[in-house]
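Thanks for coming. I have one structure to show, and I will keep to a few local features. Please have a look at it first.

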Amino acid sequence: MPSKITAEQRKAIIENDKAYDGQFFYGVKTTKIFCRPSCKSRVPNFDNVTIFRKMEDALQAGYRPCKRCKSGGANLPDEEWVLQAEAYMKENYARSLTLSELAEAVHGSPYHLHRVFRRLKGITPLAYLQQIRMQKAKDYLIETPLLVKEIASLVGISNPARFTTVFKEKNHLTPRQFRMNYGEKVSTMKNKQTETIYYGKLEHNGWSFYLAATDKGLCYVGSQNNAFDEIENWTSKKRKDAMLVQDEEKVSLYKEQLISYLDSERTALDLPIDLNGTAFQESVWNELQNIPYGETVSYMDIAEKIGKPKAVRAVGAAIGANPVMILVPCHRVLAKDGKLTGFRGGIPMKEALLALESKK
């Protein structure tokens with residue numbers, strides 16, 4: 001059971017006294033992490049400290065083990081450590097937070113946190129923090145009449161000019177333009193049923209492309225190193241009535257599995273897909289999903305599989321219109337003579353994907 005801290009316990013924590021390890025653990029309310037008395041982390045504000053007699057009591061109270069002092073009894077998995085960092089950023093995004101402060105809050109070194117976070121999430125901790133801030137800023141712009149400079153302060157960016165610059169970089173609109181644009185769309189679509197397409201960007205180990213998803217599943221995978229215009233143009237042509245909204249959280253599940261695929265950690269992707277083509281296109285796209293990892297087929301093979309052996313050219317057009325590359329693996333389709341032909345993502349991307357799958 002939790003209890004209040006005593007003067008003796010306080011002294012043990014300040015002095016990192018190993019003699020008290022096993023006698024009690026201390027949890028810090030602001031980080032929800034619990035430590036051994038000998039932990040080398042910064043001395044906490046004792047107003048936020050709760051004492052636990054047993055590790056199980058701390059875990060039951062919702063506290064997480066410390067990576068530095070291994071208060072959970074073993075090395076904390078990197079995945080759980082990154083979750084701690086994410087939770088801390090979500091709770092403290094309004095503060096002026098540095099990488100060193102974040103690392104200290106989750107009891108690790110800045111370098112190690114940066115490296116592990118980027119490996120698991122595909123972006124740096126501070127880039128992730130910026131995403132949180134930009135999403136909160138959009139919420140304020142949509143839901144309140146607050147001035148831009150007030151919103152900047154509320155999301156942890158004290159300089160309004162810097163806030164406007166960052167917002168425009170991430171959303172391709174200034175805060176004022178975003179507010180006006182959103183208001184116009186709401187007014188226009190008020191009595192019309194519309195869908196929202198959420199987009200984000202995957203950046204990992206040299207890979208860089210946009211993703212988009214509806215509430216039904218992934219609906220678009222962009223080309224390697226292509227600009228935002230690609231996904232914007234596709235939306236305006238194929239999902240004309242949709243609202244395109246940046247939301248990295250909504251596409252995080254898709255990014256995580258795709259990163260595992262790109263790192264050769266998985267050969268199958270278990271994700272929902274929202275395809276929206278003609279009956280013929282969808283028959284082709286469905287057949288593409290039957291091509292095994294690491295294998296290739298020809299356009300003629302696909303035409304025959306769908307019962308349209310004379311429609312090779314139409315099959316090629318349908319493959320070129322495939323909106324969800326990688327998950328619908330059109331990169332596994334080659335010309336009859338084995339040459340790499342047309343691919344929406346570009347031949348270099350097709351070559352890279354085939355080389356990746358040839359490693360298995």
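Predicted model: local features only at pLDDT ≥ 70, side-chain atom pairs only at ≥ 80, totals over all residues.

Start with helix H1, residues 7-14. Which of its residues are buried? They are Gln9, Ala12 and Ile13. Looking down the axis of H1, these buried residues fall within an arc of 100°, so they line one face of the helix. Among the elements that cover them are strand E2, residues 25-28, and strand E4, residues 49-52.

Now the backbone angles. Most residues other than glycine have a negative phi. Just after H1, Asn16 has a positive phi, about 50°. Further along, Ser264 also has a positive phi, about 60°, and Ser264 is not a glycine. Ser264 sits in the loop that joins helix H11 (252-262) and helix H12 (279-288). Then there is Ile326, again not a glycine, with a positive phi near 75°. Ile326 belongs to the loop between helix H14 (312-320) and strand E11 (333-334). Is Ile326 buried or exposed? Its relative accessibility is 4%, so Ile326 counts as buried; the cut-off is under 20%.

Last, Ala105, in helix H4, which covers residues 99-105. Ala105 is buried too, at a relative accessible area of 9%. What does Ala105 touch, leaving aside neighbours within four places in sequence? The contacts are Thr31, Ile33 and Tyr88. For a sense of distance, take Ala105 and Gly307: they are 202 residues apart in sequence, and 60 Å apart from C-alpha to C-alpha.

That is what I had to show.

How values were computed:
Residues numbered from 1 in each chain as written. Heavy atoms only, no water. Buried < 20%, exposed > 50% of the residue type's maximum accessible area, 1.4 Å probe, protein only. Helix = DSSP H or I, 4+ residues; strand = E, 2+ residues; numbered from the N terminus. Arc of directions from axis to C-beta. Contact = heavy atoms within 4.5 Å.
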